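Here is a short note for a colleague opening this structure. Please read the points in order, with the model in view.

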Amino acid sequence: MKIGIALALTVVLASCEGRQSVLSPAGRDAEVLANLFWWMLGGAVVLWLFVNGLMLYFSRIRRKRHSLRVAQWFIFMCGVVLPTTVLAGLLIFALREMPQQREPGEGLTLRVTGESWWWRVEYWPDGADEPVTTANEIRLPAGSRSEIELAANGVIHSFWIPALGGKTDMIPGRVNRMSLEPTAPGTYRGQCAEFCGLSHAHMALEAVVMAPEEFERWLGAEARDARAPEGAEAKRGKQLFLSQGCGGCHTVRGTPATARVGPDLTHLGGRKSLAAGMLPMDRQSLVGWLSAPESIKPGVNMPGYDHLPPADLQALAAYLEGLT
Amino acid sequence: MIDPRRLIENLGLKGVRDLTILIVVLVLGFAGAVVGVGLYNVSARADHFPGVTWVLHTTFRNSVSLRADETPPDDLSTPGMISLGAGHYEQACAECHARPGGQQDATVEEMLPRPPKLFSTELSRWSASELHWIVYNGVKMSGMPGWPAERTDDVWPIVAFLRSAGEMTPENYAAATGGEERGRCAMCHGAEGVSTNPQIPRLDILSSEYVAQSLRAYREGGRDSAIMAQAARALDDQTIERLANSFDALGPSGSDGIVDAKQVLRGRALANAEGEGRTPSCSACHGPWQHRLNEAFPSLSGQHAPYLAAQLRLWRDGPRGGGQAAELMHHAAENLTDNEIAALASYYASRDPAPINP
């Protein structure tokens, strides 16, 4: 019995660690929320002890009749004054913190659009004319506040990276704003937090917080055209990519593939995961995804290419993996 | 009047129950004799019993008018529809129903029921949607076969032809079907693969690999079309290769020259996925490109607009198959509206054909 409880607690507490947890904040906004949570939890424990202590005291320890005045005073203090004070305190604290959660950014603006079921990500550095487009992964510089515009295509989604901040809905036809100030470099995980269809549960994203100089280097590289394929297999993969019509949906900058229906693949191989956080970025996952995306993400718009011979799928995967 | 009670007594039976048993035994005995012994004469030389013809015909007529509910398309009476129908009629129907001005075979005349001749007054009794129902469903136990495909839209050319058959002279018919000497493909697709009928695809703009792949799909049922199944079912692989290569040497030229510039521009934006839409770029697979990327994907530049629109509707709504990559087109077309289909068809029809062998 005791072992069982201990095991259950281990499981529950273990989930509080790690890269998708409100309780291990890695940014200013998440710290505020985590603080608020701990204060409220502590307050709730104190109140619980207080109420149950009083009940015990009056029902078991000092069982005597109280005068009407004492009873009225008691009801007024515990029923009106105490809740009003506590709730007003919480309200004031929360209202003071709210503007911070949507303060303007300090230069970098990201536009994240919820698609079915992936994330379109565009970086607008200060003064940029056109964005640097990528997908399913956001990268942010540590120590400064970045602004995030949230849009949606078709259906509602919600953007939430628990380790970095609160969640904000993405609504078709309007742009919601939020801002995030990450503090600790690392890789975190986000998740669509509003039911958006068949593969809602398969719509995650990676959030990478980097040191500012490192971030600048990365964004500079991300803005460049795709790397030319190296090696015979990858070269054949590029030919296949173009001849099999992949460019009907995807962009690989620097090639004739320029469509914007699906995710931009210019630097796909440099991303941490594949298919919106569903698979690790490696050759085997790429082949699996290309041949049967439906089995990984039900209802997905990407058609399967299992009609291609295995060698062609390997070549395509080699090309895509090399797009770092 | 027969008094049942006296009848029962006279037959030496002991009540209504016994009479019922007797009747059941007689009926079963008769049915057994007809089915098991062959009492009924099924000879087509022997006519029906009196009244049976009336019962069969009336049942047939009422059954058709009860069930016919397809709405004819707007372009039902266009010359393109009529001549496409004439071509298929020549291939599949003329054998039994005769050509305009022609006679039925002596053998066909001996069928029971005898197939109505093209010019019979019978034909004018039916509405367009009733004709569609008859051609698509066929008629049980009459020799009239059902339509050998699932899709219903390519029955309309036959209906268009049947409705215009009253005015069709043998000369008009010969012109529409191209006469017998021109060969089966050329009858509809033109001697050089340039069909002048906008309902029928141009073949000169297609790669030989794509033509061969399509013929195989028609032959094996991957592409659902009764008209092309009739034409392709008997082709062997060598013939398909030969036919597929027959237009290769000719450089395609000319286009329909669409006048609705607005539609063409909308179609161009859509085809190149210039918007934020959910429809993949058509041009990534179907051109216009500088160099053909994949022999298995058809070039659409210069293709006839009504044909393209009909195929896009089939990709969107129907069970259209084709080559190995057919699934891609179902994904690509699933969100298209009728308007977008019209715009895309106009755009590709307005373009000059791309060279096949650059």
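1. UniProt places a "transmembrane region" at residues 21-40 of chain B, from an unreviewed entry. UniProt positions follow the numbering used here, feature names are shortened, and annotations may be inferred rather than shown by experiment. Over residues 21-40 of chain B the chain is 85% helix and 0% strand. The end C-alpha atoms of that stretch are 25 Å apart. Helices (H or I, at least four residues) and strands (E, at least two) are DSSP runs, numbered from the N terminus.

2. A word on the model. It is predicted: local features need pLDDT of at least 70, side-chain atom pairs count only at pLDDT 80 or more, and totals for chains, interfaces and linings use all residues. Residues are numbered from 1 along each chain as its sequence is written, while chains are lettered from A and ligands numbered from 1 in the order in which they are written.

3. Chain A also carries the annotation. The unreviewed UniProt entry gives "transmembrane region" for residues 37-58 and 70-95 of chain A. Residues 37-58 of chain A are 100% helix and 0% strand, with end C-alpha atoms 31 Å apart. Residues 70-95 of chain A are 100% helix and 0% strand too, with end C-alpha atoms 36 Å apart.

4. Next, the domains of chain A. The assignment gives domain 1 (21-101), domain 2 (109-222) and domain 3 (232-321). Such bounds come from an automatic or database domain assignment. The C-alpha centres of domain 1 and domain 2 of chain A lie 36 Å apart. Their contact takes 11 residues from domain 1 of chain A and 14 residues from domain 2 of chain A. Contact means C-beta atoms, placed from the backbone, within 7 Å. On the domain 1 side, helix α2 (residues 28-61) of chain A gives the largest share, four residues.

5. Now the largest nonpolar core, with 68 residues. A nonpolar core is a set of buried Ala, Val, Leu, Ile, Met, Phe, Trp, Tyr and Cys residues joined through C-beta atoms within 7 Å. Buried means 20 or more other C-beta atoms within 10 Å of the residue's own. Val135(B), Val159(B) and Phe161(B) are among the members that touch the most others. Helix α17 (residues 338-350) of chain B gives the most, eight residues. Domain 2 (64-182) and domain 3 (189-350) of chain B both contribute, so this core lies between them.

6. Finally, the two chains meet. 14 residues of chain A are in contact with 16 residues of chain B.

Note on methods
Two residues are in contact if their C-beta atoms, placed from the backbone, lie within 7 Å. A residue is buried if 20 or more other C-beta atoms lie within 10 Å of its own, exposed if 12 or fewer, and partly exposed in between; C-beta atoms are placed from the backbone.
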